[in-house]
Amino acid sequence: MAHHSVMPKLLASFLFFIGCLTGLSQEEAGKPPLATEITFVDKCIPESVKNLRPPPPFPFHKGLVTAVTTVNELAQLHTVQGLNHLHGGWEFEASRHFAIAMREDPECLMAHWGMVMCLLSPSPETDEARIAATDRLLHLISEGKGTDLERGFAYGIVKYLEEGPAGAAKAYRQVADKFPGEIQSEIFAALFGRGGYDDLGSITPTQESSEQRLQTLIEKNPDNALPLHALLLIRAEAPDLRPSLELARRLTQLVPDYAPYFHLLGHYEWRCGEHAKAASAFGRAVTLFSTWMKENKAAPADCGEWVRSECYRVVALASKGDFDNALAAAEKISNTSVDPKRLAASGTRQILWEAQTLPARILLRRSDKGDPAKALAALPSPEAGKDIRARSLSYWWVDGLRIAIEAQRLLDTGVLDEASKTIEAISFHGQAMAKRQTMGAVIGERSQWIRSFRALEVLASELRGRLALAGPPAGHGSAFNWFRAAADRQKPTSMLSPPAILTPMAMRLGDYYLARNQPTEAIAAYNEALANFPNDLETLERLQKAYSAGNQTEKAAETDAIIKSLAPEAE
């Protein structure tokens with residue numbers, strides 16, 4: 001959403017942008033708004049960017065090469081570098097290059113556009129710079145800076161702020177139609193126009209159209225990583241990533257030392273059940289991000305990508321059954337220090353929402369005897385989070401997990417009355433948490449809030465199912481409904497993040513059927529679990545039992561062979 005101080009200028013500039021795009025005269029399209037007080041370039045640059053040394057250029061193999069309207073070569077170099085990083089999904093590093101270009105040439109339109117693109121996501125740490133950069137961008141356009149193509153890119157931002165992604169997609173399609181062969185406008189038309197997949201996993205018409213546009217670009221530019229990365233990015237939440245796995249591997253071959261591409265590869269490997277290869281890819285990303293932090297004297301707060309990659313690597317280790325190493329690594333990343341002055345930084349948010357809960361979630365997945373008590377001890381204490389409660393909603397996730405894990409502990413020890421009361425407490429907690437959704441959007445934590453809220457809904461349904469099974473036989477039938485609800489609510493991981501809940505909920509449904517001597521239904525449920533968590537060892541072991549119970553000896557033997565090939569000692 002646009003800030004109130006920006007919106008009047010956007011509306012006043014609308015007709016001017018139409019003229020820029022269509023070639024109409026100013027009299028036909030509307031005169032540009034009068035220049036107002038110019039915001040200094042320095043105000044357009046986030047403090048976190050100012051505090052780091054100037055970034056060196058990265059050798060993007062056959063990356064974007066484009067002319068930029070600017071007064072000197074250094075501004076040209078860093079603008080193009082920023083554009084390549086922007087297309088690579090590393091907004092923070094892109095913003096560092098755009099900052100240099102803006103300082104070198106305060107009238108470089110594309111550098112200002114790039115900075116606005118980097119800062120689109122709301123955050124208290126960057127909101128002031130985002131508003132200032134948008135103000136300057138609009139002023140430069142009103143002054144006629146940049147080419148028609150460059151002003152077309154700016155027009156896309158205006159449409160995004162006014163109408164959202166659909167408006168931006170239409171604007172960039174218009175730019176692409178006017179400038180055939182221009183690769184960036186085609187990519188942004190696809191990125192803003194994607195519609196994702198529906199609740200049944202079917203591709204939406206706008207998603208299909210976006211993928212087709214990008215596939216056409218890839219055919220025309222087979223050695224260019226930009227359209228390939230864009231295609232893999234918008235496909236990352238598809239139900240089945242196996243058809244695209246080789247494309248993800250090719251991406252890291254085209255640009256072999258780029259950390260974001262290795263993280264993307266790790267996500268594809270994990271979603272395809274290649275857990276060892278996923279751990280390796282994430283490990284490579286972690287190493288590259290770590291080197292970047294060391295060379296640039298950057299803090300973890302500056303590199304949420306490093307935290308996310310390490311957390312996903314830990315999940316990959318757990319997924320292949322290596323819980324000892326997973327727990328050791330989880331405890332290490334969870335202890336990463338947090339700068340209380342930078343709670344809104346991307347890295348800090350990853351630590352608070354993801355890393356600090358990771359050991360408990362790994363233990364929740366392993367579920368050995370005594371693990372719930374260990375998981376409770378692994379969570380940040382209520383006292384430890386007092387200082388951040390006014391500036392972050394992450395404590396709602398931590399407290400919700402605490403209640404859910406306590407309920408599991410009580411179920412494991414047979415204290416059913418207390419377990420029932422604790423499960424009810426999860427519902428009350430969820431109701432209170434729901435009232436904070438608007439605040440999450442205001443402070444830039446909406447995506448983390450949604451992910452955690454949905455995860456707690458999954459856990460609550462699972463626990464109610466387990467409680468029903470632990471109670472009198474007359475109530476066992478209701479367990480099916482709860483496990484079915486948990487499985488339906490558990491969606492493929494989004495935003496290239498690891499799953500919040502590591503247990504396949506459809507596996508619980510299989511357990512329910514197997515306990516009731518319904519092996520055919522159990523087999524279907526276990527295979528459903530494996531569709532979302534491919535090669536999950538525990539699910540495979542239970543599937544083998546279901547095949548045996550159903551007298552499907554050949555299938556049981558095939559599953560046993562898969563299990564043996566995936567066991568940690570077999571690697």
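1. The protein has 29 helices and zero strands, where helices (H or I, at least four residues) and strands (E, at least two) are DSSP runs numbered from the N terminus. Its radius of gyration is 25 Å, close to the 25 Å that the globule rule gives for 571 residues, so the protein is as compact as a globular protein of that length. The radius is taken over C-alpha atoms, and the globule rule is 2.2 Å times the number of residues to the power 0.38.

2. This is a predicted model, in which local features need pLDDT of at least 70 and side-chain atom pairs count only at pLDDT 80 or more, while totals for chains, interfaces and linings use all residues. Residues are numbered from 1 along each chain as its sequence is written, and side-chain values use heavy atoms, with hydrogens and water left out.

3. Along its principal axes, the C-alpha trace of the protein spans about 80 × 50 × 45 Å. Buried residues make up 56% of the 571 residues, buried meaning under 20% relative accessible area, exposed over 50% and partly exposed in between (1.4 Å probe, protein chains only). Among contacts between residues at least 6 apart in sequence, 65% join residues at least 24 apart, a contact being heavy atoms within 4.5 Å.

4. Helix α12 (residues 225-235) is mostly covered, with 10 of its 11 residues buried. Among these buried residues are Leu226, Leu228, Leu231 and Ile234, and the list also includes His229 and Arg235. The cover over the buried residues of α12 includes α4 (73-88), α10 (183-193), α11 (205-220), α13 (245-254) and α14 (259-271).

5. Helix α7 (residues 127-142) and helix α8 (residues 148-163) pack at an angle of about 130°, with their axes 11 Å apart; axes are lines fitted to C-alpha atoms, for helices over the stretch in contact, and angles run from 0 to 180 degrees between N-to-C directions. The two helices α7 and α8 are therefore oblique to each other, given that angles under 35 degrees count as roughly parallel, over 145 as roughly antiparallel, 65 to 115 as roughly perpendicular and the rest as oblique. Their contact is made by Thr134, Leu137, Leu138 and Ile141 of α7 together with Arg151, Ala154, Val158 and Leu161 of α8. By class, that contact has six nonpolar, one polar and one charged residues, where Ala, Val, Leu, Ile, Met, Phe, Trp, Tyr, Cys and Pro count as nonpolar, Asp, Glu, Lys and Arg as charged, and the others, Gly among them, as polar.

6. Helix α27 (residues 519-532) packs with helix α28 (residues 537-549) at an angle of about 155°, their axes being 9 Å apart, which makes α27 roughly antiparallel to α28. Residues of α27 including Ile523, Tyr526 and Leu530 meet residues of α28 including Leu540, Leu543 and Tyr547. The contact of α27 with α28 divides into 11 nonpolar, two polar and one charged residues.

7. Helices α16 and α18 (residues 346-355) pack at an angle of about 25°, with their axes 7 Å apart, and they are therefore roughly parallel to each other. Gly304, Val307, Arg308 and Cys311 of α16 make this contact with Ser346, Gly347, Gln350, Ile351, Glu354 and Ala355 of α18, and the residues divide into four nonpolar, four polar and two charged.

8. Serine 319 lies in helix α16 (residues 304-319) and is buried, with a relative accessible area of 13%. Leaving aside its neighbours within four places in sequence, serine 319 is in contact with Trp270, His275 and Leu537.
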